[in-house]
Amino acid sequence: MTATKPVVLLAEELSPATIDALGPDFEIRHCDGADRSQLLAAIADVDAVLVRSATQMDAEAIGAARSLKVIARAGVGLDNVDIKAATQAGVMVVNAPTSNIVSAAELTVGHILSLARHIPAASVALKNGEWKRSKYTGTELYEKKLGIIGLGRIGALITARAQGFDMEVLAYDPYVTSARAAQLGVQLVSLDELLAQSDFITIHMPKTPETVGMIGADAFARMKKTAYVINVARGGLVDEAALYTALTTGEIAGAGIDVFVKEPATDLPFLALDNVVVTPHLGASTDEAQEKAGVSVAKSVRLALAGELVPDAVNVAGGVIATQVRPGIPLMEKLGRIFTALTHDSVTQIDIEVAGEIAVHDVKALELAALKGVFKDVVSEQVSYVNAPILAEQRGINTRLIKTTESRDYRNVLTIRGALSDGSQVSVSGTLTGPKQVEKLVGVNGYDIEIPVSDHLVVISYADRPGVIGSLGGLLGENGINIAGMQVARNTEGGQALSLLTVDSSVPQDVLDAIKAAIGATMAREVDLED
């Protein structure tokens with residue numbers, strides 16, 4: 001009797017190379033994913049679905065797919081996939097995190113050239129029968145300063161291309177070491193220095209609560225009046241209202257924008273201005289990027305349906321990982337995010353330590369999860385198990401996996417320990433306890449604690465003395481923030497103390513600043529793990 005082949009549904013048009021990459025081991029079906037009724041009928045018995053941006057894989061669609069194991073997005077963005085619903089249903093979500101980096105870098109350079117030489121406006125004028133050479137006198141890129149905010153993979157590609165024009169490249173990225181910057185031929189500067197000195201400024205940061213509106217009124221005020229701003233990364237990194245004001249008052253010379261807060265964007269005031277070049281989110285819109293994306297996710301689907309490790313999985317690791325090791329993967333990723341939130345300088349070395357019974361197994365997946373967590377909140381590209389080690393290498397960060405079967409206080413302990421450029425260290429440890437495998441933090445910067453991991457953590461370091469706890473509770477209470485749990489540790493009586501609080505909601509920066517001032521804290525940080 002012939003075995004039934006797994007069914008893969010292509011819900012949108014994908015390249016022939018995508019189908020070739022899937023190979024002959026699957027039954028391939030097609031549907032128009034943008035047609036809701038057609039999608040819900042077609043998805044009922046499939047094992048995997050490949051989509052682009054038009055197909056909405058929401059909770060309803062996931063619920064209708066009774067056999068679904070994998071959702072593959074042939075691209076970077078995942079706005080059309082309900083990752084939480086997929087995870088709850090046990091469905092793996094994969095994407096193609098590096099498929100568009102060359103295309104995005106080249107579009108950035110295209111915007112820079114278009115702004116410098118007024119190419120779009122001059123083209124429109126000439127097509128309208130207007131010969132206006134003097135009006136469209138431009139500027140050379142030669143020896144101009146390009147400021148790159150976020151020196152990840154796309155930033156590095158832009159650097160190489162800008163250096164081909166003999167531009168001087170400045171960069172702001174607190175997670176890139178000076179050694180990596182030197183390797184790229186880039187001068188690391190503060191954000192204020194970059195804004196003040198650059199002739200062209202391009203931003204390539206992840207979209208987080210901290211980076212939304214990062215280029216706003218204050219940033220425009222610090223720029224040269226001859227500066228140009230480019231955003232092909234994420235809508236919202238540039239404050240659109242502040243941009244319109246800066247463009248119309250002459251605060252900056254112009255802007256190149258590919259991404260918007262709400263898309264499609266057709267009626268924003270700055271779209272009509274002569275000193276702005278706009279494109280409709282074309283960062284990944286090249287034949288090459290689309291083909292790379294399709295081939296990449298096709299390979300991930302093959303791995304997932306074969307039960308192997310899927311490097312580009314967004315929500316689950318998948319693969320042949322020991323059952324004893326698997327529960328530690330999400331904990332290790334959270335430890336990585338906590339580690340990054342506690343750093344105050346660039347990282348030069350990261351040790352991932354696995355202690356206890358699970359150390360006898362292959363724990364490479366834990367190292368990958370740690371690095372994925374470390375970079376999740378600080379780079380613009382999607383971080384996966386495959387590119388996390390590359391991100392570390394690109395930033396000049398040495399990594400090391402250390403295993404030992406000895407664990408003094410717990411059956412297993414996972415630790416991320418890092419050396420910073422200023423010579424200090426940051427460390428965070430966690431474990432899983434009880435039959436329900438509750439995730440707990442058990443160490444921060446050498447202090448022994450034990451507190452469940454939650455979506456909102458606050459870490460405060462200060463001189464040990466009476467009255468501090470009351471002050472903390474009072475300030476949080478005054479601002480409507482409820483404390484769910486608290487642990488206090490100290491090195492010696494009257495020495496340095498560390499408080500770790502779990503709270504029910506996010507703590508605004510001004511509240512953290514008030515806490516720091518009130519108790520003379522050396523550190524007051526929130527770690528937001530809520531996705």
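Over five bridges, strand β6 (residues 145-149) pairs with strand β7 (residues 168-172) in the parallel sense. Helices (H or I, at least four residues) and strands (E, at least two) are DSSP runs, numbered from the N terminus, and two strands pair if DSSP finds at least two bridges between them. The model is predicted: local features need pLDDT of at least 70, side-chain atom pairs count only at pLDDT 80 or more, and totals for chains, interfaces and linings use all residues. Residues are numbered from 1 along each chain as its sequence is written, and side-chain values use heavy atoms, with hydrogens and water left out.

Axes are lines fitted to C-alpha atoms, for helices over the stretch in contact, and angles run from 0 to 180 degrees between N-to-C directions.

The structure holds two aromatic pairs. Rings of Phe, Tyr and Trp (its six-membered ring) pair if their centres lie within 6.5 Å; planes under 30 degrees apart count as stacked, over 60 as edge-to-face and the rest as tilted. F200 and Y228 are stacked, at 5.2 Å centre to centre with 15° between the planes. Because F200 lies in strand β9 and Y228 in strand β10, the pair ties together parts that are 28 residues apart in sequence. F200 is buried at 1% relative accessibility, and Y228 is buried at 10%; buried means under 20% relative accessible area, exposed over 50%, partly exposed in between (1.4 Å probe, protein chains only). F260 and F270 form a stacked pair, 6.4 Å centre to centre and 15° between the planes.

Another open sheet has five strands in the order β2-β1-β3-β4-β5, with parallel pairing. Strands β2 (27-30) and β5 (92-94) stand at its edges with a single partner strand each, so one side of each is left without a neighbour in the sheet. The twist averages 20° from one strand to the next.
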